[in-house]
Amino acid sequence: RLYSGQLIVMEDLRLYYEKNQKTVEFLEPFIKTSTDITTADDGILDKPADVQHILAIAYKDTTNPKKYWPTKQLGTGQIEDIDRIPFRRADKAKNRVHWAYMNEEIQLYPIDILTVKMYYLIPPPEAKIAFTLDTSNPDEDFLVFDATNSIDLAWPEIAFNIFVYKMLDQLGVEIREQLLNEYARFGIMQERTYKP
C-alpha cells in the first residue's frame, strides 16, 4: 500500500509542479534530466527507461548554445490543427517547437535536428522495513529490525503525514479532512485530484 500511495501522491503533486515552489522541493529527489539529439529523419526523442512522468522538454538555441527554449506539449488531435495556422506552426527559427506522444514515442515538431533536454520524474524506490528473527531466548522469539535490508522513503521528512493518511485512505479509514489539510500545508488544493 505504501508504494501505490507514493505513486498517487506523486501524480497529485505533479499537477502543481510549475505552479508551486513547495511542490518542486517536495518532488526534488525524483527529478532527473536527460539530453538527447533528434534527427532530421524522424524527430523522435528517446524516452529514458526510468521515466514516470515528463515535466518539461526544452531545446538548445542554435545561436546561443547556453540557452534552452521551452517547448509546448500538444495532444495528438492538435498537431494537424496547429500546422495549418502559420503563426502557431512549429518553427525552430521562431522558437516554436512542439512535442506529442505518438505510438509510445515522443515526437518533436518541426522534424529536424534538435538538441533536447528533458526534465522528468522517476518512480520512487519501494520503501520497506526488514526484520530478522532472533531465537536466542529459548522462551520466546523476537523480531529485530534489519537496517541493512530496509529501505527508507526517499521523500522529504515533511511528507510523512501525507503517506500515513494516504495509506489509511486506501484501507478505507475516513480521513479525508486530515489528508486535505496536509496537502493544504503545501499550498495544494486537492478537490480536483482527491478520489474518495
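A pocket, as I use the word here, is an open set of grid points with protein on both sides within 12 Å along at least five of seven lines. I'm working from a predicted model.

**Second largest pocket.** I looked this one up to start with. About 320 Å³ of space lies in the second largest pocket. I listed its lining and got 17 residues, with L2, A127, D152, L153 and F160 closest to the centre. Helix α4, residues 160-170, gives the most to that lining, with 4 residues. Sorted by class, the lining of the second largest pocket comes out as 13 nonpolar, 1 polar and 3 charged.

**Largest pocket.** Then I went to the top of the list. The largest pocket has a volume of about 450 Å³. I found 20 residues lining it, and E18, I54, L55, A56 and Q73 lie nearest its centre. Which strand gives the largest share of this lining? It's β3, with 5 residues. β3 runs 53-60, and both β3 and β6 (98-102) supply at least two residues each. By class I get 12 nonpolar, 4 polar and 4 charged residues in the lining of the largest pocket.

**The sheet.** β6 made me check the strand pairing. I see an open sheet of 4 strands in the order β2-β7-β6-β5, with mixed pairing. Its edge strands are β2 (44-45) and β5 (72-73), each pairing on one side only. β5 pairs with β6 in the parallel sense, over 2 bridges. I also looked up Q73, one of the residues nearest the centre of the largest pocket: its bridge partner in β6 is W99.

Conventions. Residues numbered from 1 in each chain as written. Predicted model: local features only at pLDDT ≥ 70, side-chain atom pairs only at ≥ 80, totals over all residues. Heavy atoms only, no water. 1 Å grid on protein atoms, 1.4 Å probe; cavity = no way out; pocket = protein on both sides within 12 Å on 5 of 7 lines; lining within 4 Å. Points joined across faces, edges and corners; volume = space filled by probe spheres on them. Nonpolar A, V, L, I, M, F, W, Y, C, P; charged D, E, K, R; others polar. Pairing = 2+ DSSP bridges.
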